Amino acid sequence: MALSPLRLFWGSFRVFLLALFYLTGVAEAASVVVSDRDGQPLANAVVEIYYAEGAAVPVQQARMIQRNAAFHPTVMAVPVGSQVTFPNEDTTRHHVYSFSPAKTFELNLYLQETPAPVTFDQTGVVVLGCNIHDAMQAFIVVSDAPFAETTGSDGRLDAPNLPPGNHRVRVWHPRLDDNQQIWWEGEITPDTPLEVRLELNALPQPPPRVSPLQQRFRQAAGS
């Protein structure tokens, strides 16, 4: 049975699109899996992929929530120039601070409110703490890479829009080194999964210990 002119047109157009796909080098997908030296998946690893040098990366509006005397998320990656707010969802006061070279700031004692956002205008790892709760710790990685994301609980992330070719990769994890400024570096190729095994040299954070004074303070505050 002869094909209609319309079906012939769409068939030819699909062939044209496929040819254009392969000839113009459109974006491709790749994946990264991060684990420790024993092969256990590592969540909260930041993966940066560098390509399209000089391309502007849109800034973000992000939130680092305080809930149950902990930061959520524990690790966040944001582009340079992004703003982050620190809402307090607890019934106790928090005093968020950082002394990191990439960003030094303090948000003085506040309760169930959200201070003005903080702008992160310099690349680097920003270590967060709370002056009231010593066990509270989180990290904001400020990146100038076109792609920067954190791995999930399975240690995996997908980069769906990579141009053809090899691209420089950096991987960071809070326990890579005690100074928390060490990165793993390598390369990735689209459509080829990259497996990264990290040597975790930093000591794990000790479990929180609540002093009798803090216990009385929390009981009085109803937390």
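# Briefing: Contacts, Cores and Salt Bridges

Leaving aside neighbours within four places in sequence, Val 34 is in contact with Gln 40, Pro 41, Leu 42, Ala 45, Val 47, Thr 151, Gly 155, Val 171, Val 196 and Leu 198. The structure is a predicted model. A search of the whole structure finds five salt bridges, and the largest nonpolar core holds 21 residues.

**The setting of Val 34**

- Val 34 belongs to strand S1, which covers residues 28–36.
- With a relative accessibility of 0%, Val 34 counts as buried, the limit for that class being under 20%.
- Val 34 and Glu 195 are 161 residues apart along the chain, yet their C-alpha atoms are separated by 6.1 Å.

**Nonpolar cores**

- In soluble globular proteins, nonpolar side chains tend to be buried together.
- Within the largest nonpolar core, the residues that touch the most other members are Met 64, Val 84, Phe 86, Phe 105, Phe 120, Leu 128 and Ile 140.
- At least two residues of this core come from each of the following strands: S6 (75–79), S9 (103–110), S10 (118–120), S11 (124–130) and S12 (137–143).

**The salt bridge between Arg 170 and Glu 48**

- The side chains of Arg 170 and Glu 48 form a salt bridge, with an N to O distance of 2.9 Å.
- Arg 170 is in strand S15 (residues 167–172) and Glu 48 is in strand S2 (residues 46–50), so this pair ties together parts that lie 122 residues apart in sequence.
- Arg 170 and Glu 48 are both buried.

**The salt bridge between Arg 168 and Glu 185**

- Arg 168 is joined to Glu 185 by a salt bridge in which the closest N and O atoms are 3.7 Å apart.
- This pair links distant parts of the chain, 17 residues apart, with Arg 168 in strand S15 and Glu 185 in strand S16 (residues 184–188).
- Arg 168 is partly exposed, at a relative accessible area of 38%, and Glu 185 also counts as partly exposed, at 49% relative accessibility.

**The salt bridge between Asp 158 and Arg 156**

- Asp 158 and Arg 156 form a salt bridge, their closest N and O atoms being 3.3 Å apart.
- Asp 158 has a relative accessible area of 46% and is partly exposed.
- Arg 156 likewise counts as partly exposed, at 38% relative accessibility.

How values were computed:
Residues are numbered from 1 along each chain as its sequence is written. This is a predicted model: local features need pLDDT of at least 70, side-chain atom pairs count only at pLDDT 80 or more; totals for chains, interfaces and linings use all residues. Side-chain values use heavy atoms; hydrogens and water are left out. A nonpolar core is a set of buried Ala, Val, Leu, Ile, Met, Phe, Trp, Tyr and Cys residues joined through side-chain atoms within 4.5 Å. Buried means under 20% relative accessible area, exposed over 50%, partly exposed in between (1.4 Å probe, protein chains only). Helices (H or I, at least four residues) and strands (E, at least two) are DSSP runs, numbered from the N terminus. A salt bridge is a side-chain nitrogen of Lys or Arg within 4 Å of a carboxyl oxygen of Asp or Glu. Contact means heavy atoms within 4.5 Å.
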